[in-house]
Amino acid sequence: MKKRKQRIDRGIKARSGDIFSLCSWREMLYLASPRLIPILGFLILPLLLGAYWQKVLLSVAVFALLAISWDILAQSGMISLGQALFFGMGAYASGVFNHYWGWHPLVALPFATVMGGVMCTVFLLPVLRLRGIYFSMVTLIIPLMLERIIEATKVFGGTEGLSEIARLPSKWLELYLIMGVLMAALFGFRRMMDSDYGLVLKGIRDNDLSVINAGINIYWFKTQALFISSSIGAFTGAFITHVYEFVGMPAFALEYSILPIAAAVVGGPGNLAGATLGAFILVPLSEILRGTGGLRIIFYGLFLVVFIVALPEGIFHYIQRKYHQFERWVEVEG
Amino acid sequence: MFLGTVVYALINSVILALMAIGFNLTFGISGVANFAYGALYVTAAYVSWMLLNLLKLPYFLSAFISILFTTLLGALMYRFILLRVRGQALSEVIATFGIGLAILELFRYLGFVGFEYTLPVFIDQSFFILGAYVDMQRILIVIFGALLILGLWVFTHHTSLGLAFRGIAQDERTALSLGIDSDWIATLAVSFGAGLAAIAATIIIPLGSISPSEGYSVLIKALAVCIIGGLGSTGGVIVASFIIGFAERFTDSYISSHWTMIVSLAAILIVLIVKPSGLFGEQKELEERI
């Protein structure tokens with residue numbers, strides 16, 4: 001007697017066309033809790049943790065934002081292997097604003113976000129016509145080369161970097177600023193990717209030629225996606241600059257390229273929530289493994305391979321399926 | 001000074017071509033961008049170092065074994081990992097990148113860093129050519145490089161396996177209908193690419209020392225050469241490595257050695273703006289740019 005697994009959607013949907021039909025608290029809670037739990041978590045966690053784990057939470061949020069920025073690009077059909085470019089650009093922009101021109105961190109931060117976004121977009125503009133792995137290769141090379149350029153030309157402090165950069169006014173502002181940005185980016189850009197605008201971006205990923213046929217200028221849309229994504233990355237860079245009070249060549253380090261990709265792949269690509277979840281798993285894990293030194297990066301590499309091969313949908317999609325569907329074993333007829 | 005620079009630029013170009021040709025072969029035939037390429041290069045060097053220094057095997061035997069080992073490693077990597085994500089460019093890139101990262105960082109973690117990790121030169125001797133001292137190893141690199149490229153050309157144009165390789169590269173479905181097993185050919189392409197990386201490592205490493213960061217820089221150089229030459233085009237690789245090789249060596253002599261890497265970046269950006277498919281990448285133009 002053969003059996004198969006039957007999956008049935010639960011009959012509760014927030015949107016069926018335009019009609020909202022929620023009849024009980026239970027149904028409302030069923031729909032709201034996946035959104036409310038992370039929001040409450042983001043708000044309460046900084047209060048519960050000690051000073052050390054607050055720092056970890058900070059880098060979790062930073063990597064979650066970088067993973068979100070990677071995922072937005074990936075959903076628009078551009079696979080970046082160099083998030084460090086965005087991170088480093090933002091970091092150096094903010095560092096320069098504060099170190100040379102003496103801007104207050106709260107002024108330097110937003111300007112560095114926009115400035116970093118514009119610079120990265122301009123840098124990658126000639127590459128936008130490439131697709132698939134051609135784009136990936138170039139993004140892999142650019143941050144590594146920028147590192148060498150800074151070393152060679154000795155601009156912005158060269159190998160020494162810029163130090164004595166002002167901090168944000170208070171620790172709590174730091175924590176809740178990054179948490180607020182993470183929440184805004186996560187829910188805002190999720191909504192954006194579900195709108196018609198996001199549909200165009202996903203269309204470019206799926207079949208760019210038919211999007212061109214629909215009379216849409218895909219380069220303009222790709223430029224916008226690139227700007228959004230690189231601005232998020234630049235913000236994290238600028239933020240970290242003000243947290244560490246230092247910016248230097250490590251801002252272009254490979255770790256800022258790899259960890260976000262690993263987070264997005266482990267959590268589940270194509271869905272910004274997956275990227276966030278991945279960062280919340282991988283960064284604390286790597287913090288626990290910190291004692292083992294270089295072994296961490298080996299683990300990232302292996303994680304990437306295992307998840308890409310064995311669970312390509314990622315953890316988030318797996319959980320989502322379990323949450324939204326009944327599963328039962330039924331007999332196979334005939 | 002000038003003639004000496006030309007001689008060294010020539011050698012540098014051949015080194016670049018040797019580094020890039022395996023990556024190019026794998027990509028041109030199977031479409032797999034093997035980002036573990038640098039790791040395979042370094043692995044080959046470490047394996048022959050270990051055979052030579054720990055097991056005290058003769059040098060040429062250990063080099064031969066390490067080339068075979070790396071070739072096999074490439075085949076296994078394709079069979080057990082890449083085959084499952086075949087055709088999904090993103091997954092292939094991430095998987096190979098993950099493998100490469102794990103291998104390189106493993107070597108770094110195990111402490112394989114330092115000047116003692118180097119391979120001996122084949123023949124210790126140097127000559128005076130056109131106003132510059134050139135050691136035997138560099139001359140051998142040029143000879144080996146020329147032979148390897150010639151051998152590769154003969155292989156792809158005059159053997160049935162080589163013709164099958166090109167068939168798959170040109171049109172996979174038609175090749176399938178003629179009885180060429182595309183999975184098997186892709187396995188061979190990845191493993192041959194790994195083997196070429198190992199050969200390049202065996203010849204080039206005696207000039208410097210083995211280190212994990214060498215893996216990253218080989219990958220970057222291979223990518224740079226392949227992007228400029230046009231991915232999948234052997235002629236393009238040779239021309240591009242001469243362009244970069246000469247440009248690098250001349251900036252090194254006449255400007256400053258800090259700027260050598262920047263020349264490749266500038267070259268890539270210019271080529272991408274003017275002709276995104278690379279200098280000789282016309283055949284695949286439709287696929288890579290819109």
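**Close-up views of a predicted two-chain model**

**Figure 1. The interface between chain A and chain B.** In this predicted model, 38 residues of chain A are in contact with 36 residues of chain B, two residues being in contact if their C-beta atoms, placed from the backbone, lie within 7 Å. The side of chain A that touches chain B receives two or more residues from each of helix 5 (133-153), helix 8 (208-213), helix 10 (255-267) and helix 12 (295-310) of chain A. Helix 5 of chain A gives the most to this side, with twelve residues. The residues of the side of chain A that touches chain B comprise 28 nonpolar, five polar and five charged; Ala, Val, Leu, Ile, Met, Phe, Trp, Tyr, Cys and Pro count as nonpolar, Asp, Glu, Lys and Arg as charged, and the others, Gly among them, as polar. Residues are numbered from 1 along each chain as its sequence is written, while chains are lettered from A and ligands numbered from 1 in the order in which they are written. Because the model is predicted, local features need pLDDT of at least 70 and side-chain atom pairs count only at pLDDT 80 or more, whereas totals for chains, interfaces and linings use all residues.

**Figure 2. Chain A as a whole.** Chain A contains 13 helices and four strands; helices (H or I, at least four residues) and strands (E, at least two) are DSSP runs, numbered from the N terminus. Along the principal axes, the C-alpha atoms of chain A fill a box of roughly 75 × 55 × 40 Å. Of the 334 residues in chain A, 46% are buried; a residue is buried if 20 or more other C-beta atoms lie within 10 Å of its own, exposed if 12 or fewer, and partly exposed in between, with C-beta atoms placed from the backbone. Among contacts in chain A with a separation of 6 or more, 78% are between residues 24 or more positions apart. The average pLDDT (the predictor's confidence in each residue, from 0 to 100) of chain A is 84, and 95% of the residues score at least 70. Confidence in chain A is highest in helix 9 (residues 218-244), at a mean of 91, and lowest in strand 2 (residues 162-163), at 78.

**Figure 3. The surroundings of A:Gly116.** A:Gly116 belongs to helix 4 (residues 105-124) of chain A. This residue counts as buried because it has 29 C-beta neighbours inside 10 Å. Leaving aside residues up to four places away in sequence, A:Gly116 touches A:Phe86, A:Met89, A:Gly90, A:Ala93, A:Ser230, A:Ser231, A:Ala234, A:Gly237 and A:Ala238. The C-alpha atoms of A:Gly116 and A:Ala251 are 13 Å apart in space, and the two residues are 135 residues apart in sequence.

**Figure 4. Helix 3 of chain A.** Helix 3 (residues 83-99) of chain A has 17 residues and should span 24 Å at 1.5 Å a residue, which agrees with the 24 Å between its end C-alpha atoms. The expected span is 1.5 Å times one less than the number of residues. Helix 3 of chain A is mostly covered, with 17 of its 17 residues buried.

**Figure 5. Strand 1 and strand 4 of chain A.** Strand 1 of chain A pairs with strand 4 (residues 325-331) of chain A in the antiparallel sense over seven bridges; two strands pair if DSSP finds at least two bridges between them. A:Arg7 has A:Glu327, in strand 4 of chain A, as its bridge partner. Strand 1 (residues 3-9) of chain A lies largely in the open because zero of its seven residues are buried.

Figure 6. Chain B has twelve helices and two strands. Its radius of gyration is 19 Å, close to the 19 Å that the globule rule gives for 290 residues, so chain B is as compact as a globular protein of that length. Buried residues account for 52% of the 290 residues of chain B. B:Lys56, in the loop between helix 2 (37-53) and helix 3 (59-80) of chain B, has a positive phi near 60° and is exposed, with 8 other C-beta atoms within 10 Å. In chain A, A:Glu245 lies in the loop between helix 9 and strand 3 (246-247). A:Glu245 has a positive phi of about 60° although it is not a glycine, and is partly exposed, with 15 other C-beta atoms within 10 Å.

Notes:
Rg over C-alpha atoms; globule rule 2.2 N^0.38 Å.
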